[in-house]
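Look at the structure, then read on.

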Amino acid sequence: MNANCMYANSDLRRKAKESGVTFWQIADYMGVCEMTISRRFRRELSEKEKTEMNGIIDSLAAQKNASH
């Protein structure tokens, strides 16, 4: 396993964790399998993809906060 794999997209991983958003929730929102998200996060995403993921995490976090 490539050691760099653990750190790819660390900013998004941290944001999701701090927001209480899981990979399976991101996957469900996008209509894909959880493994697809896990695979995408193994390599650094493009800025466009990061922007999309940030928006998804924000949206899911807002939904989570609204329901509590």
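Helix α2 spans residues 23-30, and its residues Gln25, Ile26 and Ala27 are buried. The model is predicted. The cover over the buried residues of α2 includes α3 (34-40) and α4 (47-66). Gly31 follows α2, and its phi is positive, near 75°.

Leaving out residues up to four places away in sequence, Ile26 touches Val21, Ile37, Met53, Ile56, Ile57 and Leu60.

Leu60 sits in helix α4. Leu60 counts as buried because its relative accessible area is 12%, under the 20% cut-off. Beyond its neighbours within four places in sequence, Leu60 contacts Val21, Gln25, Ile26 and Tyr29. Ser19 is 41 residues from Leu60 in sequence, yet their C-alpha atoms are 8.6 Å apart in space.

The two residues compare as follows.

| Residue | Contacts beyond four places in sequence |
|---|---|
| Ile26 | Val21, Ile37, Met53, Ile56, Ile57, Leu60 |
| Leu60 | Val21, Gln25, Ile26, Tyr29 |

What about the core? The largest nonpolar core has 13 residues. Those that touch the most other members are Leu12, Val21, Ile26, Ile37, Phe41, Met53 and Ile57. The elements giving two or more residues to this core are α1 (10-19), α2 and α4. Helix α4 gives the most, with five residues. In soluble globular proteins, nonpolar side chains tend to be buried together.

Definitions and conventions. Residues are numbered from 1 along each chain as its sequence is written. This is a predicted model: local features need pLDDT of at least 70, side-chain atom pairs count only at pLDDT 80 or more; totals for chains, interfaces and linings use all residues. Side-chain values use heavy atoms; hydrogens and water are left out. Buried means under 20% relative accessible area, exposed over 50%, partly exposed in between (1.4 Å probe, protein chains only). Helices (H or I, at least four residues) and strands (E, at least two) are DSSP runs, numbered from the N terminus. Contact means heavy atoms within 4.5 Å. A nonpolar core is a set of buried Ala, Val, Leu, Ile, Met, Phe, Trp, Tyr and Cys residues joined through side-chain atoms within 4.5 Å.
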